[in-house]
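Student: I have a two-chain model open and would like to learn how to read it. Could we go through it feature by feature?

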Amino acid sequence: MIGAGIKRGTAELAILSVLEESPLHGYEMARRIEEQTKGALRFTLAALYPMLYRMEQRGWIRGAWETSPSGRRKRCYRLTPAGKKKLSPLRKEWAELFGALKRLTKVAHA
Amino acid sequence: MPDWQKFVQVQLAGLALSAGAKADVVDELAGHLEEVYEGHRRQGMAEALAAQQAMRQVTDWNALQRHIRNAKEGEDLMHNRVRRLWFPGFLTLTLSTGLLPMLLKFGLQPQLVPWSGPDTILFYVPWLLTLPLLSALGAYISLRAGGSARAILFSGIFPMLSLAACFFVILPLSFELDRSIAFHLTPAGFLGLLLSWVVTPGAALLIGALPIEILYTRKMHSQRVPGV
């Protein structure tokens, strides 16, 4: 199980990554992240929305109301060009961090 | 099925965002809880248990309110204070103080009421009658900008607070600087001035701002329905 601090740090990357695949609304986003990380990352409503609103304020994502075929109004989030730009250095940073941790733990086990 | 819309409205009653932004947050969060609930129901969970599980998505609604507010307007906090408090407050002050000289120019005469000894109290009745409207305008602008009950009231009665500050800070200071004023102004005269320029206009302003503040409080209260 991944600790809370790491989860907070990776949350932005997770959201930007799933939104890169397709625009999503909050619930679907949480479900997809949980599925793709095999339950390692789980977003409750309380964790997800403040994060989405903050990212929207920063201009990384943009939310717009849409009506689903069932007639339900949902706020769908899309990645903005600024969000796309942010995603690649974020990926690099986390890849470097996890690579470093991997090497460290291997050394520790050796 | 629980009424998620009302449930979220109750929990986020104190969320200090503009009416439109708050309604959007309530809609979005209610929709999320509804989907969590329906997801559990599809898995065969009993209604009550599914509702309970959905509610577990948030353990501390007050903290969530704070986080949402900070996220939505963290960098914009100063701007919102201006929109909700200072702009409507100064608008009420400018209009109310600007109107009096205009009315005087058009021949407004004060109503003189005998006070103590040679002192009289001045009442500019037509001006006083406009104050509730101006105060209501300031309070309404604050309400529309998402002001809290306190900000709404403050915006409406801001001219009274400014006048009171003049009386209790600037006047005593000028007494100190020029003792001849103090010599001419008796305590009864000071009280009369206070009545003319602070208490009566303040009451008129309060008459305008209070209904808006009550409207806001009732609106908040009407959203407080028993939990689902």
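Predicted model: local features only at pLDDT ≥ 70, side-chain atom pairs only at ≥ 80, totals over all residues.

Student: Then confidence comes before geometry. What is the mean pLDDT of chain A?

Tutor: Chain A has a mean pLDDT of 86, and 88% of its residues reach 70 or more.

Student: How many bridges join β2(A) to β3(A)?

Tutor: Seven bridges join strand β2 (residues 61–67) of chain A to β3(A).

Student: What about a residue outside the strands? Is Ser22(A) buried or exposed?

Tutor: Ser22(A) sits in the loop between α1 and β1 of chain A. It counts as exposed because it has 11 C-beta neighbours inside 10 Å, and the cut-off for exposed is 12 or fewer. Sequence separation is a separate matter: Ser22(A) and Arg78(A) are 56 residues apart in sequence, yet their C-alpha atoms are 7.4 Å apart in space.

Student: Now chain B. How many helices and strands does its secondary structure come to?

Tutor: Chain B has nine helices and two strands. From the N terminus on, its elements run α-α-α-α-α-β-β-α-α-α-α. Of its 228 residues, 30% are buried. Among contacts in chain B between residues at least 6 apart in sequence, 72% join residues at least 24 apart.

Student: How do I read one helix? Which residues of α3(B) are buried?

Tutor: An α-helix has 3.6 residues a turn, so residues three or four places apart point the same way. In α3(B), the buried residues are Ala50(B), Ala51(B), Ala54(B) and Met55(B). They lie on the same side of α3(B), because they cover an arc of only 135° around the axis. Those buried residues pack against α2 of chain B. Ala48(B) and Leu49(B), on the other side of α3(B), are exposed.

Student: Then the nonpolar core. Which residues have the most contacts inside the largest one?

Tutor: The largest nonpolar core has 40 residues, and those with the most contacts inside it are Leu19(A), Val8(B), Leu29(B) and Leu33(B). Elements giving two or more residues to this core come from both chains: α1 (4–21), α2 (26–36), α3 (45–57) and β3 (73–79) of chain A, with α1 (4–11), α2 (19–42), α3 (47–55) and α4 (61–73) of chain B. Apart from this core lies another, of 23 residues, including Leu131(B), Phe158(B), Leu163(B) and Ala209(B).

Student: Why does Leu29(B) count as buried?

Tutor: Leu29(B) is found in helix α2 of chain B. It counts as buried because it has 26 C-beta neighbours inside 10 Å, where the cut-off is 20 or more. Leaving aside neighbours within four places in sequence, Leu29(B) is in contact with Leu45(A), Tyr49(A) and Val8(B). Leu29(B) and Trp4(B) are 25 residues apart in sequence and 8.6 Å apart in space, C-alpha to C-alpha.

Student: That leads to the interface. How many residues of chain A are in contact with chain B?

Tutor: The size of an interface is often given as the accessible area lost when the parts come together. Here we count residues instead: 14 residues of chain A are in contact with 17 residues of chain B. On the chain A side, α2, α3 and β3 each supply at least two residues, and α3(A) gives the most, with seven. By type, the chain A side divides into six nonpolar, three polar and five charged residues.

Conventions:
Residues numbered from 1 in each chain as written. Chains lettered and ligands numbered in written order. Core = buried A, V, L, I, M, F, W, Y, C linked by C-beta atoms within 7 Å. Helix = DSSP H or I, 4+ residues; strand = E, 2+ residues; numbered from the N terminus. Contact = placed C-beta atoms within 7 Å. Nonpolar A, V, L, I, M, F, W, Y, C, P; charged D, E, K, R; others polar. pLDDT = per-residue confidence, 0-100. Pairing = 2+ DSSP bridges. Arc of directions from axis to C-beta.
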